[in-house]
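Colleague: Walk me through this model, one feature at a time. Give me the rule, then the case.

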Amino acid sequence: MTERGRCSEEVCVTCSDEAVPVTVLRLLDGDLAIADVGGGAREEVSVALVDAAVGDTVLVHAKEAIAVVTRGDPGRVAGGNGNDRE
């Protein structure tokens, strides 16, 4: 296994990529979601591997949600009731 920081490539997929927590704002068709990634920025991510609802905080790696960290309160998330799908 490669030690962190010793990869020869610009980005090492086995040691330097990290999952980041984001908040699900809206669920879309096709197992996709719009997520708040911080600082008011929004991104489309896949939620195919998790059972995410609006308001949940999920860990995302390479635009793929890999875990639900906390269950949110959909009433506190703009535009969401936990069942929104476009």
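Colleague: Start with E43. Does E43 count as buried, partly exposed or exposed?

Modeller: Rule: buried means under 20% relative accessible area, exposed means over 50%, and partly exposed lies in between (1.4 Å probe, protein chains only). E43 has 33% relative accessibility, so E43 counts as partly exposed. Keep in mind that this is a predicted model: local features need pLDDT of at least 70, side-chain atom pairs count only at pLDDT 80 or more, and totals for chains, interfaces and linings use all residues. Residues are numbered from 1 along each chain as its sequence is written, and side-chain values use heavy atoms, with hydrogens and water left out.

Colleague: With which residue does E43 form a salt bridge?

Modeller: A salt bridge needs a side-chain nitrogen of Lys or Arg within 4 Å of a carboxyl oxygen of Asp or Glu. The partner of E43 is K63, and their closest N and O atoms are 3.2 Å apart. This pair joins distant parts of the chain: E43 sits in strand β3, K63 in the loop between β4 and β5 (64–70), 20 residues apart. K63 counts as partly exposed because its relative accessibility is 48%.

Colleague: How many salt bridges are there by this rule?

Modeller: Two. The other one pairs R71 with D56, at 2.7 Å between the closest N and O atoms. It also links distant parts of the chain: R71 lies in the segment after β5, D56 in the loop between β3 and β4, 15 residues apart.

Colleague: What else surrounds D56?

Modeller: Contact means heavy atoms within 4.5 Å. Not counting residues up to four places away in sequence, D56 touches V22, T23, V24, D51, V68, T70, R71 and G72.

Colleague: Now the fold. What is the order of elements from the N terminus?

Modeller: Elements are DSSP runs numbered from the N terminus: helices are H or I of at least four residues, strands E of at least two. Here the order is β-β-β-β-β. That makes five strands and zero helices.

Colleague: Next, the core. Which residues have the most contacts inside the largest one?

Modeller: In general, nonpolar side chains tend to be buried together in soluble globular proteins. A nonpolar core is a set of buried Ala, Val, Leu, Ile, Met, Phe, Trp, Tyr and Cys residues, joined through side-chain atoms within 4.5 Å. The largest core here has 13 residues, and V47 and V58 have the most contacts inside it. Strands β1 (20–28), β2 (32–38) and β4 (57–61) each supply at least two of its residues. β1 gives the most, with three. Beyond four places in sequence, V58 has contacts that include V20, V22, V24 and V69. Across the protein, 29% of the 86 residues count as buried.

Colleague: Where does pLDDT stay under 50?

Modeller: pLDDT is the predictor's confidence in each residue, from 0 to 100. The protein averages 78, and 66% of the residues score at least 70. Over residues 1–5 the pLDDT is below 50, and this stretch has seven contacts beyond near neighbours in sequence. Residues 77–86 also stay under 50; there the model has 25 contacts beyond four places in sequence. Where pLDDT is low, the predicted coordinates should not be read in detail.
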